Amino acid sequence: MTNSFEYNMEAVAWCPGCGNFALSRILREALEELGKKPEEMVFVSGIGQAAKTAQYMKGHMFNGLHGRALPVAMAIKASNPELTVIVDSGDGCTFGEGGNHFNQQILRNSDITVISHDNQIYGLTKGQASPTSEKGMKTPVQVYGVTNEPINPIAAAVALDASFVARAFVGDMENTKKIFKQAISNKGFSLVDTFSPCVSFNKLNTFKWYKEHTYALEENYDPLNRKEAFGKALETDPFPLGIIYRNSSKKPFWEMNIAYEKDKRPLFKRKLDLNALKKLIESKKIH
Amino acid sequence: MEDLSLVIVGQAGQGVQTVEQFMVGLLKGTGYNVFATKEYMSRVRGGMNSTELRVGSGEKKVRAYVERIDLLIPLHKNAIEHVKHRISDSTTILLDPELIDESKYTQYKCVTVPFTKIQKEIGLKFVNVYAVGVLSGIFKIPHKSGKIFIKERFSKKGDAILKKNFEAFEKGHSIGENLKDLVPEMKKDPQVVNEILLDGNQTVGLGAIAGGCNFISAYPMSPSTGTLTFLAHHSKEFGILVDQAEDEIAAINKAIAAWFTGARAIASTSGGGFDLMCEGLSLAGIIESPLVIHIAQRPGPGTGLPTRTSQEDLNLALYAGHGEFHRIIFAPGSIEQVFHLTQIAFNIADKIQIPVFILTDQYLVDSYYNVKADDMKLVGVEHAFVETDSDYKRYEYTANGITPRGIPGLGTGLIRVDSDEHDEWGHITEDMRGVRDKMTDKRIHKKGKTISEHPTPIPLEPFGGHDAETLVICWGSSYLAVKEAIEEINDPKIAGIHFSQVFPLPKESNSILTKAKKLLLIEGNATGQFTNMLKLYGNIEIPNENLYLKSNGEPLSVEEVKKFIGGAI
């Protein structure tokens, strides 16, 4: 079955069996089911194997620099709120090089969906530790094992009171799709930290490992309770999958910005108010 | 006397800025040509700061810094020491005996004014409004003008405070009237009353608005912050999206993304902040994004002298960013040029899809003078984005290297930009013999030719002597000091030339410069960055002894330019 978001698929540059295949397929299906059109989508990415996802998604694309996807996504949405903006990038790009951008776009409540393809390793640079790598993992750089604590993106996002915080695993397609759909529909900052195994460089966190070390959140779990969400966020073995925290009461960044107070149109549709400009120049007569 | 220089010195937090703001407005409003510039320390309270106000008589425009002080108002016990090197026989000091020990300064011409005593009697925290009153009396500024300013500033603070400030102004005014013979008679020019007052930072902001700017994401950094606050202040009336960025890396990425989406964005910072933007600049290079960057220079390296002035970041602007791509660098020399070139920067960036720089510096952004509102010509916002159809290719090869730029949401085309090398559709590629060569030809050769054919916005023309054998070269904010010095020297054999576009060098550079028998060059750095550019790109060599390089952080004065020219010819 073809999907309207398939794009340039013959060029796909992932290893056979890579989690990114499943993730991008789930994302395409989610978009189709949401009734989205490629012309309203902007796929933003940094650099890395996960960041190549945008190359194979039909829509507008901004494939920027390593670590810098979030500021780009923030500004695209803020310049044209009619667009749906999705970031696909890896754990290194999102939490390593782009760590402060991650914090700060959450605090703004930028109206974007960030799908962090989390494989707990650096793939494109061939197997060094990532910010989410487990302590003790040996790599060509961390020859004697990782000594850093892994970042817990879910706990960090809850701490920053992100609008939508979820964890998914590409091995659980149906639930991941449901999560993606809700994340994209959420008006505000949505994080979906998505386990997506690297078959070439991470021999520890494999498909099988993720299956054995994750569980779906109970149906009666209430993501609106921030204290409980913190509790869930701190669980790491097994990792809970699902929507861990929601706060939909917050307005998105663009809506709170004075630029949209009177005029809801995208910035490019507006004309400079020449009378206001002349008035401003005149106002400089009196200092 | 054609003009007068008065200098107010005090601690940060003492209200020296208030005196400057009031006096600039009051003098202009009364019909005097006025210029103001300040030097200040990188601290919120204490230290020693000063403001120079130049007042021009009649039609004499005052637009540059002079070292000379005609009237000095020291508002702190250490104030005289701070400007001692500028005090001469022509200086009169309005000395407050409660603040300053008169016996220490008997070698100077001093007139006592009881600033502190009156301030205490009235019960005010600051002496500034009283000082404004004294100066208003000296310059015969009408009482009612002063009161309007005071009302505007203090009415929110309640009637009691307002009344005290009125009283301070009145008392100051009557003292000032008795002191009016301290300064020569200054003529008013009724034209000036209707002119406008702008400083450089406001003008970058105003030029940006007039250039269609509707997006700024910036991280505060002296001395560029005034541009950000000006745009923030007017964000509501012009629908400008203002974001205080988490860092300069984010700021430039957001600016590029805003352009991608059809907005017009400015990245405004100082040298240190721009260091962080270099990676983003290179991104703009490969994705062929329009971008306008304002760098308000200050002395480095590192944190350097945060609130002082320099022209040290020309090389930085010119060579920043990995890989090869084009850029244009403007270096305006006056308020009018700042306004004109900032507007033009937006249109050119949009049209040619390259980064365009506005290089200012602390001196320029913190200096005010009066200009005719009519001289602030509107260029017009020329958007260059196009409506796309479904087979749109963002990087389609074209004869002039420029692909019409589509934006998301306008037409049916997909806009795909890629920081990796890419083909015409924006697809990532490693096809080196095919695509890479063609894209280099598009971005570098074809676009380079298009840029070289683009006229310099402000033509390169010598000023001053009509029969010049000596040409004094300057760029950026040195312009008006050099211009005034050359006018004063008034020698038909000496002219000046100002580069408001420093890169690429205007086509006519070589032919104009080679006509002169002798070339002198003045710039605000220690290594001769523009001198080297002229050598490298203009085939113009200027010997070291013909250079005046100033890099101590102080503004360039008219006097030192005169002295340099006098010594060099």
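Reader: Are the two faces of strand 8 of chain B covered or open, and which residues lie on each side?

Author: In a regular strand the side chains alternate between the two faces of the sheet. In strand 8 of chain B, B:F215 and B:S217 lie on one side, B:I216 and B:A218 on the other, and all are buried. A residue is buried when 20 or more other C-beta atoms lie within 10 Å of its own, exposed at 12 or fewer, and partly exposed in between, with C-beta atoms placed from the backbone. Strands (E, at least two residues) and helices (H or I, at least four) are DSSP runs numbered from the N terminus. The model is predicted, with local features requiring pLDDT of at least 70 and side-chain atom pairs pLDDT 80 or more, while totals for chains, interfaces and linings use all residues. Residues are numbered from 1 along each chain as its sequence is written, and chains are lettered from A and ligands numbered from 1 in the order in which they are written.

Reader: Which strands does strand 8 of chain B join, and over how many bridges?

Author: Two strands pair if DSSP finds at least two bridges between them. Strand 8 of chain B runs parallel to strand 9 of chain B, with four bridges between them, and B:A218 has B:Q244 as its bridge partner there. Strand 8 of chain B also pairs with strand 10 of chain B, again in the parallel sense, over two bridges; here B:I216 faces B:I266.

Reader: What is the order of strands in the open sheet of seven strands?

Author: The order is 9-8-10-11-13-12-21 in chain B, and the pairing is mixed. Strand 9 (241-244) and strand 21 (501-503) of chain B are the edges, each pairing on one side only. Neighbouring strands are turned against each other by 20° on average, direction ignored. Helix 9 (residues 225-233) of chain B packs on this sheet, touching strands 8, 9, 10 and 11 of chain B, and its direction makes about 140° with that of strand 8. Such angles run from 0 to 180 degrees between the N-to-C directions of axes, which are lines fitted to C-alpha atoms, for helices over the stretch in contact.

Reader: How many residues of strand 13 of chain B are buried, and which strands pair with strand 13?

Author: Seven of its seven residues are buried. Strand 11 (residues 291-297) of chain B runs parallel to strand 13 (residues 355-361) over seven bridges, among them those of B:V292 with B:V356 and of B:I293 with B:F357. Strand 12 (residues 328-330) of chain B is joined to strand 13 in the parallel sense by three bridges, and B:I328 has B:V356 as its partner.

Reader: Why does B:T37 count as buried, and which residues does B:T37 touch?

Author: B:T37 counts as buried because 24 C-beta neighbours lie inside 10 Å. The residue belongs to strand 2 (residues 33-39) of chain B. Two residues are in contact if their C-beta atoms lie within 7 Å. Leaving out residues up to four places away in sequence, B:T37 touches B:E52, B:Y65, B:Y363, B:D366, B:S367 and B:P555.

Reader: Which strands form the open sheet of five strands, and which helices lie across its strands?

Author: The strands follow the order 18-20-19-22-23 in chain B, with mixed pairing. Its edges are strand 18 (463-464) and strand 23 (547-549) of chain B. Strand 18 and strand 20 (residues 494-499) of chain B run antiparallel, joined by two bridges, and B:F463 stands opposite B:G496. Helix 17 (residues 479-489) of chain B lies across strands 18, 19, 20 and 22 of chain B, at about 170° to strand 20. Helix 20 (residues 558-568) of chain B lies across strands 19, 20, 22 and 23 of chain B, at about 155° to strand 22.

Reader: How many residues does each chain give to the contact between chain A and chain B?

Author: Chain B gives 56 residues and chain A gives 47 residues. On the side of chain B, helix 11 (residues 248-260) supplies the largest share, seven residues. Strand 2 (residues 60-63) of chain A and strand 17 (residues 416-418) of chain B run parallel, joined by three bridges, and A:F62 has B:V417 as its partner.
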